[in-house]
Amino acid sequence: MYRILLIFLSLALSSACLARGVEKVDGRVDRGPTTVGIDYRDFEDAASDAVQSLLSSGAVVNPDGGRYVLMISRIVNDTMQRIDTDQLVKKIRIELLNSGRVVVTTAVSGDGAEDRANFQVREDLRGNDEFDQSRVQRRGTLVAPDISLSGKILQRNLTIDRRKQQIEYYFQLTLTDLETGLAVWENEFPIIKRASNRSVGW
Amino acid sequence: MRTLRPFLVLLFAMALVGCATINPFPNVTVYGSSIKIYRVIDSQTADGVPEVVVSGASAALNDRSARYRAVWFDQQSRPIETVVSTWTEMTLQAERPFNLRMVGPGAHARRYQVEIEVL
């Protein structure tokens, strides 16, 4: 009995020690040091710049009225870091949706359907006697996209001298009108960082 | 003397108002010194997205770090949670002018408050 109590106590103590020194960051006012790699603030800056540019350009204003249907094409990560490009794309999507100008399709994307359920409910449920067929999605109800968002995140590492290096990141985005194949909006947002040569950006 | 009293009260009130500092740009708040704001231009895109351009100059004798943002409010004066309101870092060059352009998150943004913080 004492042994169990001791184990429990030591576990509680060790977890308390681990928690010490950990601080939760308020991202809205964070003035913490900048990292060599791409951090959440860089994604926020790039997304903010892209959204402001998109909304002020008028490229997402549908001349026929209503909202454009946007598909997310490929956003290539051409950096030395393992990053999920959704960190950038999601912020832009949320803003465009909230702006009332654009709605994003999850049935089509650069890597196939973003949400497989769009097709699963059709393939698996249509004609299946177990399901009320009047509620199963009919043929020809999916909405085709009008515009697509593609892009690339680039990284260049340059040596300044024996001690310092410059790391350049470029967030490049393109909005294409799928009817004509023409790029109707493009944006490049550079982020330049200088750091010690000993710092590694991945 | 009794007939003069209202005039005296009015004169005193006018003097008080005259002494008070009136901010010519109530939609722009500057935290810190060494910045002068010259002009604030409000405009809208064709589809009603608001834009604001703040023009000013640094009065400092050396370069200073600063950051700025615009907080946007909807029709009910509620702040809009948006990525376009994140702080943007900038360098205020000594005694040089600057222009800050901020675009609202959509036509639902009705009012704004620009914050400039000299670090």
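Q: Among contacts in chain B between residues at least 6 apart in sequence, what percentage join residues at least 24 apart?
A: In this predicted model, two residues of chain B count as in contact if their C-beta atoms, placed from the backbone, lie within 7 Å. Taking the contacts in chain B between residues at least 6 apart in sequence, the share that joins residues at least 24 apart is 66%.

Q: In what order do the elements of chain B run from the N terminus on?
A: The secondary structure of chain B is made up of one helix and seven strands. Read from the N terminus on, these elements follow the order α-β-β-β-β-β-β-β.

Q: Which residue is the bridge partner of V40(B) in strand 3 of chain B?
A: Strand 2 (residues 35-44) and strand 3 (residues 50-58) of chain B run antiparallel and are joined by nine bridges. The hairpin they form has five residues between the strands, and there G48(B) takes a positive phi near 90°. Across this pairing, the residue of strand 3 of chain B that partners V40(B) is V54(B).

Q: Which residue in strand 6 of chain B stands opposite V53(B)?
A: Strand 3 of chain B also runs antiparallel to strand 6 (residues 97-103) of chain B, and seven bridges join them. Within strand 6 of chain B, the residue opposite V53(B) is R101(B).

Q: Which strands are the edge strands of the open sheet in chain A?
A: Five strands of chain A form this open sheet with mixed pairing, in the order 2-1-3-4-5. Neighbouring strands are turned by 30° against each other on average, direction ignored. An edge strand here pairs on one side only, and the two that do so in chain A are strand 2 (102-109) and strand 5 (182-196).

Q: Which residue in strand 4 of chain A stands opposite L154(A)?
A: Strand 3 (residues 147-159) and strand 4 (residues 164-177) of chain A pair in the antiparallel sense over 13 bridges. In strand 4 of chain A, the residue that stands opposite L154(A) is Y170(A).

Q: How many nonpolar residues are in the contact of helix 2 of chain A with helix 3 of chain A?
A: Helix 2 and helix 3 of chain A pack at an angle of about 35°, with their axes 9 Å apart, and the crossing is right-handed. Residues from both helices make the contact, including F43(A) and L55(A) of helix 2 and L88(A) and I92(A) of helix 3. Of the residues in this contact, two are polar and three are charged, while the number of nonpolar residues is nine.

Q: Which helix of chain A gives the largest share of the side that touches chain B?
A: The two chains meet where 16 residues of chain A are in contact with 15 residues of chain B. The elements giving two or more residues to this side of chain A are helix 2 (40-57) and helix 3 (86-99). By class, the side has four nonpolar, seven polar and five charged residues. The largest share, eight residues, comes from helix 2 of chain A.

Key
Residues numbered from 1 in each chain as written. Chains lettered and ligands numbered in written order. Predicted model: local features only at pLDDT ≥ 70, side-chain atom pairs only at ≥ 80, totals over all residues. Helix = DSSP H or I, 4+ residues; strand = E, 2+ residues; numbered from the N terminus. Nonpolar A, V, L, I, M, F, W, Y, C, P; charged D, E, K, R; others polar. Pairing = 2+ DSSP bridges. Axes fitted to C-alpha atoms, helices over the stretch in contact; angles between N-to-C directions. Left-handed = near helix turned anticlockwise from the far one by under 90°.
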